[in-house]
Number of protein chains: 2
Amino acid sequence: CLLALGMSIPDPGRREELIKLEASMRVGGNVRLSPEEKLLDARLSKLMQEEVAKEDFPPALHFFKARPLIRSSPIYSLLQKMPKGAALHVHDFAMVDVEWLVRNVTYRPHCYMCYTDDGSLRFFFSSGPPKPLTQCSPWTLLEKLRAKMVNVTDLDNSLISSMTLWTQEDPEVVYPSQDVVWKKFEQAFLATLGLVSYAPVFKDYYHESLSQFYRDNVMYVEVRALLTQTYELDGSTHDRAWSMKTYQETTRQFVEEHPDFFGARIIYTVHRGINASVLILVVKEAMKLQVDFPETMAGFDLVGREDTGWPLWYFREALSLPASQGFKLPYFFHAGETDQEGAQVDQNMLDALLFNTSRIGHGFSVLRHPVAKNLSRLNGVPLEVCPISNQVLKLVTDLRNHPAAVLMSEGHPLVISSDDPSMFGASGLSDDFYEAFVGFGGPSNNLGSLKELAMNSIRYSSLPPNLQEKAMALWQTKWNTFVTENL
Amino acid sequence: CLLALGMSIPDPGRREELIKLEASMRVGGNVRLSPEEKLLDARLSKLMQEEVAKEDFPPALHFFKARPLIRSSPIYSLLQKMPKGAALHVHDFAMVDVEWLVRNVTYRPHCYMCYTDDGSLRFFFSSGPPKPLTQCSPWTLLEKLRAKMVNVTDLDNSLISSMTLWTQEDPEVVYPSQDVVWKKFEQAFLATLGLVSYAPVFKDYYHESLSQFYRDNVMYVEVRALLTQTYELDGSTHDRAWSMKTYQETTRQFVEEHPDFFGARIIYTVHRGINASVLILVVKEAMKLQVDFPETMAGFDLVGREDTGWPLWYFREALSLPASQGFKLPYFFHAGETDQEGAQVDQNMLDALLFNTSRIGHGFSVLRHPVAKNLSRLNGVPLEVCPISNQVLKLVTDLRNHPAAVLMSEGHPLVISSDDPSMFGASGLSDDFYEAFVGFGGPSNNLGSLKELAMNSIRYSSLPPNLQEKAMALWQTKWNTFVTENL
Ligand SMILES: [Zn+2]
Ligand SMILES: [Zn+2]
């Protein structure tokens, strides 16, 4: 047995074997590299040595401080060009750079704005002045406001910062606690919501989402979408089916425009703060949408801060509904995005697995739950790891201490995603891939790790087997080109 | 099989079973509590609920900020009274509150002091003025300096802060990086060294070390000691055997004075910066000491910052020496006190195990090394976990992310210790026990966890079986009294 000790003089050969055994256990540890891939790997290994020798190690820093270092790193440039496969954990209204929202969307006609009492903003498109909001200043037409100003840059910057957590200031000072950072997160979401739920913007925003991920060399996305009511200038509204249909049509259109983009699917999500009885209605609607949009709808999830929401077990009746009717509604539960060990929500990961979830969103607490961890591994239920999100939302400081560094070393099923890149000042998947590649193992990682992470994202997608095969073939072509072009 | 999924409607009974299975895997998860212990456990559980409900969660904060909260917590009071067993990872010159060094030692006659160019202090006892030090101000007799001052409190405070990392200022600002905090650590060590290597102080300091741990309800310690040269007022010096003999005699004397204290043993340590050829001589001396002081000497270790020292494998010739001669020199290697994954020193944990180490000092990186982790578990090689040390030396910020939180949940062999309490402003073992109990699991822990941690410290000590049995019996008596008195 390789794992018995006893001798006191170590045999160098056995030592080598154990080191190799450990390397083979990693994510990507068994990936065989072609001669060409080996050349690229050698280059990558040299870049990694340079990266860890730098005085400031980016994964140890808050992303807001690390971003300039990351963006100027040759590893980042390579990761950006790399075909990363799929983004499996991203949210509908946090995929597009906020700058686009301000420079493009808020410059459209009929855009009103008001200031809330607690210093956030709200937006609304309307042909005439909208109904006043409580705890908000009177509505102002942005067009008029800008016309009165000598310098609109300051205004636009304040609009930008109302819709993102990103800041140039010291993030530790601006966001001293999880409560503060989540509060700002929710405010930024509400500011964004008024813009993106205007029906024409809704469509454009989604199209721009796909564009930005496509430009970051992501070929397929699964978007967690709230399917909130959208509205028109005259105040008329559209229902969830309209949103789903718009997602479907826009996806088709985008694939037509970009034949090497594989597509997108939607995971219908609802806030975990709602009542258990309301969730029964929501799950029923999810089942209907699943029937009506089999191509586009991937499944169902609950969103919002776990620590302050209901635990999954509270919703057990509603969540059991589909199976009790013999209906297959795939689940993609957020779970374990908490550091409150032993609290009620701390069972969410186990419950997600018991409800047969297809993947686990985050699973940050997985290491403290050996039974849930074993279930996830044995049943091949991958974790969607979003390093920057967990850091900005203050679950971890130095990303080398992120649980996924351990999961990587053990070859646990996982994918890398970006959650809400616009909120964090990240872009597509590349920033998160950088943190994972450099932070979760550094020199212990190699090109094989990246290859397996990219392949995982297709393997663990909700696509049916025949489409997975097609997607994998498309990805392989892109990968081969990437390798050849970057030797 | 309990670990197969598949059904979509979870069976509540099976859910309960899995939750219980996970609870049984924890450190202490299989400890049966007596009716009396159950009463205390219920009280403890209530205190824990109150502790986690507080706005500021101490284990999430830097210990320098958390200490007042910890010290005023009823859990801390209980932990202080609790018989904690043994302290298995503490260093010779960092066990006594620095205040004692200043108020007691520096007020003794013949104490000289000088200021180094980089703002640290050096001390020396001498009948006449000592030889000048390079890069240091001229020596001043402290007695004279104090006589000239109106208010000596400021001076004494500056003396205190020269010998500890503890500060009232913001530790993140004072110690922005590992390099800075280690530099200060080494300076504080050098400041202390001049005082404690004065032979009469050496003896008193060790006696006071035992007193302070005894008062914290620790009954046995294993001290990692450098056995540096000690000196007398006339400049004459003593060798390592003198130090070892003094440790032995002082321990015996202390046990005579305190019959319910079990004793102490010494792990001879040397700095990992020395040359491989020098280590051969050191190991030979260690073997001689082991023969001459079988009762007191526990074994051998290498100390100092791992990232900047030689890896263990560099010393393989010297470390193989005892076994190659059929001689048993027990090892207690520091290993894995690093976050530099993939660096050369990152193999230290595996190498420590291959050299048949009896315990691992820290093993902070153990989770990223599944093979080393399995070896440690299967061979019952415990980790000496020092939470506050790892936090102050900047391996981890929020202690809930400390790897030992995971090890606790998996029932990995481990003990809790305090490394260099005087450097961190900690006292005995209670502060570290607080961090471990509240931070590594919180409400998932119970009295059984504490009981197993205390018993582990005896079980994993270097004591031979017959003495372990005696120590365990003594501990059990103390434990029973503790339980009865704190219902
Ligand atoms: Zn999410
Ligand atoms: Zn130590």
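Helix H11 of chain A buries A:Ser243, A:Met244, A:Thr246, A:Tyr247, A:Gln248, A:Thr250, A:Thr251 and A:Phe254, where buried means under 20% relative accessible area with a 1.4 Å probe and protein chains only. This is a predicted model, in which local features need pLDDT of at least 70, side-chain atom pairs count only at pLDDT 80 or more, and totals for chains, interfaces and linings use all residues. Residues are numbered from 1 along each chain as its sequence is written, chains are lettered from A and ligands numbered from 1 in the order written, and side-chain values use heavy atoms, leaving out hydrogens and water.

H11 covers residues 240-257 and reaches 26 Å from its first C-alpha to its last, close to the 26 Å expected at 1.5 Å a residue. Its buried residues pack against helices H10 and H12 and strands E5, E6, E8 and E9 of chain A (contact: heavy atoms within 4.5 Å; helices, H or I of at least four residues, and strands, E of at least two, are DSSP runs).

Turning to the metals, the zinc ion (ligand 1) has A:His89 (NE2), A:His91 (NE2), A:His334 (NE2) and A:Asp419 (OD) as protein donors, 2.1 to 2.3 Å away; donors are N, O and S atoms within 2.8 Å of the metal (3.2 Å for Na, K and Ca). The sequence spacing of these donor residues is H-x1-H-x242-H-x84-D. A:His89 counts as buried because its relative accessibility is 0%, and A:His91 is buried at 10%.

B:His89 and B:His91 are both buried.

Note on methods. Buried means under 20% relative accessible area, exposed over 50%, partly exposed in between (1.4 Å probe, protein chains only). The expected span of a helix is 1.5 Å times one less than its number of residues.
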